[in-house]
Amino acid sequence: MSDRTNGLAMEPFPARLEDRIETILGRYPRTGSALVPILQLIQEDAGFVSVRAQEQVAARLRIPAAFVAGVVSFYTMIRDRKIGKYHLQVCGTLSCCLRGSEPLLDHLKDRLGIREGETSRDGKYTLSTVECLGSCGTAPVVQINDEYYEDMSPEKIEGVLEGLKD
Ligand code: FES
């Protein structure tokens, strides 16, 4: 199948995704409304949503590629590049900041040899700062992949890092 939409060639998605994309599209009366769920599906499959994949989605949903790119850049949980096996997200909002997230972040930078937004050379860690994770009562909080690690300190995060499998 080949079609052109928004000036972009509409390429099929891998077969393993096609049925799931059709199911998602079936839930919405307007195809554009399926954008975020489809981006989440692609990220679940590939680990991130490449520029090429964004263009494929735009063509499939018949919306501008710039709009898709805007959505990807707006939502921090949607990534446009490959990240490490472990994504360490340090909350930098007020409660966590008052309870030591900055020294915690500095410790992680030194320990992992990377700055915010970077991935370690071995592909194991990506370090990010994020806004409030909604767990202010147990600040400071670090989210690693889908898990929260609360009331963290440089000493405690060392134990957490040692428990992460290679
Ligand atoms: S300020 Fe860090 S979880 Fe709310």
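**Figure 1. Crossing of helix 6 and helix 7 in the predicted model.** The axes of helix 6 (residues 101-112) and helix 7 (residues 154-162) come within 9 Å and cross at roughly 45°, where axes are lines fitted to C-alpha atoms, for helices over the stretch in contact, and angles run from 0 to 180 degrees between N-to-C directions. Helices (H or I, at least four residues) and strands (E, at least two) are DSSP runs, numbered from the N terminus. Helix 6 and helix 7 are therefore oblique to each other, given that angles under 35 degrees count as roughly parallel, over 145 as roughly antiparallel, 65 to 115 as roughly perpendicular and the rest as oblique. Helix 6 passes helix 7 in a right-handed crossing; a crossing is left-handed if the near helix is turned anticlockwise from the far one by less than a right angle, and right-handed if clockwise. Because this is a predicted model, local features need pLDDT of at least 70 and side-chain atom pairs count only at pLDDT 80 or more, whereas totals for chains, interfaces and linings use all residues. Residues are numbered from 1 along each chain as its sequence is written, and side-chain values use heavy atoms, with hydrogens and water left out.

**Figure 2. Packing of helix 1 against helix 2.** Helix 1 (residues 15-26) and helix 2 (residues 35-46) pack at an angle of about 160°, and their axes are 10 Å apart. The two helices are therefore roughly antiparallel to each other, and helix 1 passes helix 2 in a right-handed crossing. Helix 2 contains Pro-37, which counts as buried at 18% relative accessibility (buried means under 20% relative accessible area, exposed over 50%, partly exposed in between, with a 1.4 Å probe and protein chains only).

**Figure 3. The salt bridge between Arg-60 and Glu-18.** The side chains of Arg-60 and Glu-18 meet at 2.9 Å, N to O, a salt bridge being a side-chain nitrogen of Lys or Arg within 4 Å of a carboxyl oxygen of Asp or Glu. Arg-60 lies in helix 3 (residues 51-61) and Glu-18 in helix 1, so the pair ties together parts that are 42 residues apart in sequence. Both Arg-60 and Glu-18 are buried, and a network of salt bridges links Glu-18, Glu-22 and Arg-60. The structure holds 10 salt bridges.

Figure 4. Lys-109 counts as partly exposed at 24% relative accessibility, and Glu-116 counts as partly exposed at 38%.

**Figure 5. A nonpolar surface patch at Phe-74, Tyr-75 and Met-77.** These residues make a patch of about 350 Å². Patches are made of residues with over 30% relative accessible area and no salt bridge, like charges being joined within 9 Å and nonpolar side chains (Val, Leu, Ile, Met, Phe, Trp, Tyr) within 5 Å; accessible areas come from the Shrake-Rupley method with a 1.4 Å probe, and for residues only the protein chains shown count as cover. Phe-74 is found in helix 4 (residues 65-74) and counts as exposed at 62% relative accessibility. The C-alpha atom of Met-77 is separated by 12 Å from that of Pro-37, the two residues being 40 residues apart along the chain.
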